Amino acid sequence: MFEKIINKFFPSIKFKYDSRREFLKGCTQKSGVVIYTGKSENATEILQEISVNTLFIYNGGGCNPIVITDSCNINDEVITKIVGAQLYNSGQD
């Protein structure tokens, strides 16, 4: 159902249900650019699969840095927002 709705408005989007390994072998070899957010061990694995001509951008384990200064008033609301920011996009895309 979800795929039909997406494909109606975005016909060029393709859904893949490959295993992680199949995805790496198939997609990374065809891509001109690979952007990865996650563990460095997995980045190393991806680098072994991509072409030498592919641009590889690695964001690290978390792309939402949190900076806390001496003047920060840490309370429950601040902690909730920090956790939300860290978990909102932890490399799922």
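Reader: In which hand of crossing does α2 pass α3?

Author: This is a predicted model, in which local features need pLDDT of at least 70, side-chain atom pairs count only at pLDDT 80 or more, and totals for chains, interfaces and linings use all residues. Residues are numbered from 1 along each chain as its sequence is written, and side-chain values use heavy atoms, with hydrogens and water left out. A crossing is left-handed if the near helix is turned anticlockwise from the far one by less than a right angle, and right-handed if clockwise. For α2 passing α3, the crossing is right-handed.

Reader: How are α2 and α3 oriented to each other?

Author: Helix α2 (residues 20–27) packs with α3 at an angle of about 45°, their axes 9 Å apart. Axes are lines fitted to C-alpha atoms, for helices over the stretch in contact, and angles run from 0 to 180 degrees between N-to-C directions. Angles under 35 degrees count as roughly parallel, over 145 as roughly antiparallel, 65 to 115 as roughly perpendicular and the rest as oblique. The two helices, α2 and α3, are therefore oblique.

Reader: Which residues in α3 meet α2?

Author: Contact means heavy atoms within 4.5 Å. From α2, the residues taking part are R20, R21, L24 and K25; in α3 they meet N42, E45, I46 and E49.

Reader: Is E45 buried or exposed?

Author: E45 has its place in helix α3 (residues 40–49). Not counting residues up to four places away in sequence, E45 touches R20, R21 and L24. Buried means under 20% relative accessible area, exposed over 50% and partly exposed in between (1.4 Å probe, protein chains only). Because its relative accessibility is 19%, E45 counts as buried.

Reader: What is the relative accessible area of E3?

Author: E3 is found in helix α1 (residues 2–9). Leaving aside neighbours within four places in sequence, E3 is in contact with F15 and Y17. E3 is partly exposed, and its relative accessible area is 28%.

Reader: How far apart in space are E3 and F15, C-alpha to C-alpha?

Author: In sequence, E3 and F15 are 12 residues apart. The C-alpha to C-alpha separation of E3 and F15 in space is 7.6 Å.

Reader: What pattern does the protein follow along the sequence?

Author: Helices (H or I, at least four residues) and strands (E, at least two) are DSSP runs, numbered from the N terminus. The protein has 4 helices and 2 strands. Read along the sequence, the pattern is α-α-β-α-β-α.
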